[in-house]
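Here is a walk through the side chains of one protein model. Keep the sequence and the 3D view open as you read.

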Amino acid sequence: MKHLITKIATILTTVAVTLTAVPCVSAYAATDMTQGKASSTEELQYESSSKSTIYASAYNYGTITSLDQSGATATSITMSWTDAAFSTSDIYTIDYNVYYAGNKVGEYTQTVTGVNTFTITGLTAGNYIYFHLTKNSSDYGSYYYAQTKPSSVQRYSSSYPWYTYGGGKKLQLYFGYDSYNNYVVDGAAVTLYSASGKKLGTNYTTKYGIGFVHTKAKSAAKPYKAVIKFYFQSAGGKKFYGPCKTLYCVPQPKYKKSTHTSSKLSVNWKKVSGAQYYIVYVARKRISDTTSVSDLKFKKIGKTKGTSYTITRSHGSAINTRKYSYFIHVITKAKVGGKTVKSRGDYYLYS
């Protein structure tokens with residue numbers, strides 16, 4: 001399993017303080033445990049995206065100006081425009097096509113008199129439209145990509161304080177919009193709160209699917225609550241926000257140098273600020289077994305308010321590192337915004 005050693009794990013092992021050796025058992029010396037990261041089915045994968053311009057576009061001709069999307073719900077789109085020569089007797093012909101996932105699902109024509117707004121109803125989440133407005137041969141407007149209101153944020157996670165792409169102490173958030181509903185998202189407002197509920201501030205980003213560093217977090221080694229609200233922007237600059245999604249950012253503890261003997265596993269980690277307690281899980285397999293770590297079942301061994309744990313039994317029998325390889329991960333439990341939540345457990349130690 002040595003291929004699972006991460007670069008950062010190697011660095012941490014090098015700089016870790018040497019702990020008192022566990023007493024030898026049957027002349028078997030205490031050996032450092034190694035850190036790794038499981039290739040878990042929970043691992044979130046996103047496409048990287050960074051957009052400098054909005055997707056929607058509008059074109060106005062003659063007396064028609066300021067054609068724009070002015071409203072959106074989950075099932076409707078409202079378009080508005082200005083006519084420099086407006087009269088209550090003016091007749092406008094409206095043609096619009098409805099799309100879903102790149103496919104045209106409807107084509108409609110309608111006339112309206114003496115108005116400068118039009119609402120399309122009966123839509124569903126993920127619909128977007130091409131809208132064309134005609135008063136006469138010289139006064140008309142076109143709008144591409146008006147859409148229904150964004151739905152929920154389905155894919156999101158927080159990175160861990162000791163394993164970030166930018167390196168070490170910055171809180172990175174990972175999230176993606178609901179791609180199954182085919183929204184074009186222009187950005188997100190991310191509001192950060194402390195574990196006690198104090199509002200720390202809001203960052204806006206036009207990037208998603210990559211590590212977004214929240215500047216209001218002074219340290220990544222403590223719990224936070226992040227409220228994410230995606231938006232799309234109309235051609236005229238109006239933002240349409242979808243519902244909020246809350247992301248609880250609880251860090252998994254950073255492992256310190258840990259050891260094992262033939263009959264004992266000693267695990268140590270750094271304290272996570274605000275942690276209520278830690279839960280220790282163990283998985284095992286025979287040394288000759290080639291099963292992937294992500295396919296092993298981790299069993300809860302115990303919990304502690306401290307920052308170390310000694311394991312002498314697992315899976316109903318005494319620890320035997322001559323016969324089995326052991327995999328340990330420690331999860332943080334903390335109260336964030338009045339709710340008790342836990343970290344993920346992707347990073348582990350193994351003997």
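Start with charge. In this predicted model, D83, D90 and K135 are joined in a network of salt bridges. Side chains of opposite charge can pair when their charged atoms come close. K135 pairs with D83, and their closest N and O atoms are 3.0 Å apart. K135 sits in the loop between β10 (128-134) and β11 (140-147), while D83 belongs to strand β6 (residues 77-83), so this bridge ties together parts that are 52 residues apart in sequence. D83 is buried, because its relative accessible area is 8%, under the 20% limit.

K135 also meets D90 in a salt bridge, at 3.2 Å from N to O. This pair again links distant parts of the chain: K135 in the loop between β10 and β11, and D90 in the loop between β6 and β7, 45 residues apart. D90 counts as buried too, at 11% relative accessibility.

The whole structure holds 3 salt bridges. One of them joins the side chains of K104 and E107, at 3.4 Å from N to O. What is the setting of these two residues, buried or exposed? K104 is partly exposed, with a relative accessible area of 45%. E107 is exposed, at 59%.

Turn now to the rings. A search gives 15 aromatic pairs. Take Y96 and Y108. Their ring centres lie 5.2 Å apart and their planes meet at 25°, so the pair is stacked. The two residues come from distant parts of the chain: Y96 from strand β7 (residues 91-100) and Y108 from strand β8 (residues 103-113), 12 residues apart. Y96 is buried, at 9% relative accessibility. Y108 is partly exposed, at 40%. Y96 and Y108 belong to one aromatic cluster with F118 and F131.

The charged end of K225 sits over the ring of Y193, 4.9 Å from the ring centre. K303 lies over the face of Y277, at 4.6 Å from the ring centre.

Finally, the cysteines. A disulfide is a covalent bond between the sulfur atoms of two cysteines. How many disulfides does a search of the whole structure find? The count is 0. C244 is partly exposed, at 48% relative accessibility. C249 is buried, at 2%.

Conventions
Residues are numbered from 1 along each chain as its sequence is written. This is a predicted model: local features need pLDDT of at least 70, side-chain atom pairs count only at pLDDT 80 or more; totals for chains, interfaces and linings use all residues. Side-chain values use heavy atoms; hydrogens and water are left out. Rings of Phe, Tyr and Trp (its six-membered ring) pair if their centres lie within 6.5 Å; planes under 30 degrees apart count as stacked, over 60 as edge-to-face and the rest as tilted. Helices (H or I, at least four residues) and strands (E, at least two) are DSSP runs, numbered from the N terminus. Buried means under 20% relative accessible area, exposed over 50%, partly exposed in between (1.4 Å probe, protein chains only). A charge sits over a ring if NZ of Lys or CZ of Arg is within 6 Å of the ring centre and within 35 degrees of the ring normal. A salt bridge is a side-chain nitrogen of Lys or Arg within 4 Å of a carboxyl oxygen of Asp or Glu. A disulfide is a pair of cysteine sulfur atoms within 2.5 Å.
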